[in-house]
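Hi everyone, thanks for coming. Let me put the structure up on the screen so that we can walk through it together.

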Amino acid sequence: MDKKWWKESIVYQIYPRSFKDSNGDGIGDLNGITEKMGYLQELGINVLWLSPVYESPNDDNGYDISDYQAIMKEFGTMEDFDRMLKAAHDHGIKLVMDLVVNHTSDEHPWFVESRKSMDNPYRDYYIWRPAKDGKKPNNWGSCFSGPAWEFDEETQMYYLHLFSKKQPDLNWDNPKVRQEVFDMMNWWLEKGVDGFRMDVISLISKEPDLPDAPAGINGYASFNAPANGPHVHEYLQEMREKVLNNADTITVGECSGVTLEEAKKYARSDGKELNMVFQFEHMDVDADGSNKWTKKKMDLRDMKSVLTKWQKGLEDIAWNSLFWENHDQPRSVSRFGNDSPEYREISAKMLATCLHMMQGTPYVYQGEELGMTNAPFASVDQFRDLDSINAYRELVEEQNVFTAEEMMSFLRYKSRDNARTPFQWDDSENGGFTTGEPWIMVNPNYTEINAKNQLEDPDSVFHYYQKLIQLRKEKELIVYGIYDLLLPESKEIYAYTRTLGDEKLITICNFSEQEVEMEIPEEFLEGNYLISNYPEQGICSKMTLRPYEAFVIEK
Ligand code: GLC
Ligand code: CA
């Protein structure tokens, strides 16, 4: 067993725009984060991942970068950044930057040059193609609706953008592009940051002939079509040699479209590429094929089979990252738990138990530790996310795939904006997020769900997360133990064991609103509770699990 600090860490993700506004302009900022470092320390996390804070025209809230070495004006200055970094380190927290290098903003000077002429020195920094039989070069679609190609009048050619047309894809086959990225990464490492979360890194290498791929409901191929391309591993190994080996970093690759076999290469234990990847198969169990716009509820058996496949598949070979939420996903308690007043807290704790007892590095997304819920968006103009807005336009207004009512119900359930409403600090106006006009609606349930209430209540979701995080720090069994699934066929219960030498624990989670019976394996009958989301009941061979009950027993 290869012990590493990043395997023993707990990461917290901040979406800066929505975390804490320090100057009343309605937008979260770096000084707001600095202010709240004590809160993060109290929760117990030891790594902070910041969604992008670089200069950006904000077509995709900072995932469209126009200067990798400057701070977005709305978020503050480079001095504010340095102060925040120091505050993090003073609180024992390492800082991970979001590295968005599959694409830049179309306002990045490289692209401004690139589109000027065919012989511009920056032309080959991006992916340009002529029309094919008078049409687009292939059938790839953008992640945010419509085609992945934009025609540029100036040179009469198309450029590729797997995301919005303001996010042109970089050409990683150009060694100059790679060197620019590596130099920029080294600059941040020299500043003292501790690692990188790599945005859609699985997409950086494209097949040279850009082949068509199967089309989805809007007629275009998924933006994932080029995933795991021919040179991606070679480029990441080069990055390892030229950048990552220069410091003791933590790295996680966001790998949309990654398979288990590919993940073993990205997160290989010989340390030649990344430490771990985000895979998304468990985020697709409630999708309708490749279409996420549905209200379908997951079948727990699918969730178990996906997560177990990853737990067992990477065992001793690579390392998992564990997450229910991030800034691209709706709130987990509304999606996989039950956000009714009766069960919200108990089911949020159940989900946390289920995830935090697995093998891998856990990620907590801001507000998840409070059991924050999806928001009651009432009309399409309350959304800020281009993904949601474009999907509505395309699927309702242009293509009539869904009615307006259907689409609104899908958006309320799945829109990324559910995770982007402001962090709920207290029960004052705007949940204490801002004294100004928030850039996106505040979830009205802030009067009940907020950090202040939860810090005062020893039984809160916050304190439950705090305990889970503490347990992981204390017990190697939770970090390194081998995972084994029990009861794969149960539709209600997710139960598994973890084993390390003679040590063993069992995690039992009732994902349903019903009481269910469970036989407890003999070896745990004399065991002790490590944590439980209800008052503990006596351990016996046949136990009745209460709605959304979860507990962990150590042998
Ligand atoms: C990643 C980010 C997402 C962003 C996209 C384009 O998936 O997590 O928020 O929109 O990449 O950068
Ligand atoms: Ca602000």
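Predicted model: local features only at pLDDT ≥ 70, side-chain atom pairs only at ≥ 80, totals over all residues.

Residues are numbered from 1 along each chain as its sequence is written, chains are lettered from A and ligands numbered from 1 in the order in which they are written, and side-chain values use heavy atoms, with hydrogens and water left out.

Let's start with helix 8, residues 300-314. Helices here are DSSP runs of H or I with at least four residues, strands are runs of E with at least two, and both are numbered from the N terminus. Just after helix 8, D316 has a positive phi of about 65°.

Which residues of helix 8 are buried? They are L300, M303, K304, V306, L307, T308, W310, Q311, G313 and L314. Buried means under 20% relative accessible area, exposed means over 50%, and partly exposed is in between, with a 1.4 Å probe and protein chains only. Their cover includes helix 7, strand 12, strand 14 and strand 15; contact means heavy atoms within 4.5 Å.

Helix 8 also brings us to the largest cavity, where it supplies three lining residues, the largest share. A cavity is a set of points on a 1 Å grid over the protein atoms alone where a 1.4 Å probe fits but cannot get out, and lining residues have an atom within 4 Å of a point. The largest cavity holds about 70 Å³ of space, and L307, W310 and Q311 are among its lining residues, along with H282 and F323.

On to helix 6, residues 232-242, whose buried residues include H233, E238 and R240. The buried residues of helix 6 pack against strand 5, helix 5, strand 9, strand 10 and helix 7.

Finally, what coordinates the calcium ion, ligand 2? The donors come from D21, N23, D25, I27 and D29, at 2.2 to 2.4 Å, with I27 giving its O atom. For Ca, donors are N, O and S atoms within 3.2 Å, and since water is not among the atoms, sites may look incomplete. D21 counts as buried because its relative accessibility is 4%, while D25, at 36%, counts as partly exposed.

How values were computed
Expected span 1.5 Å × (residues − 1). Donors = N, O, S within 2.8 Å, 3.2 Å for Na, K, Ca; no water. 1 Å grid on protein atoms, 1.4 Å probe; cavity = no way out; pocket = protein on both sides within 12 Å on 5 of 7 lines; lining within 4 Å. Points joined across faces, edges and corners; volume = space filled by probe spheres on them.
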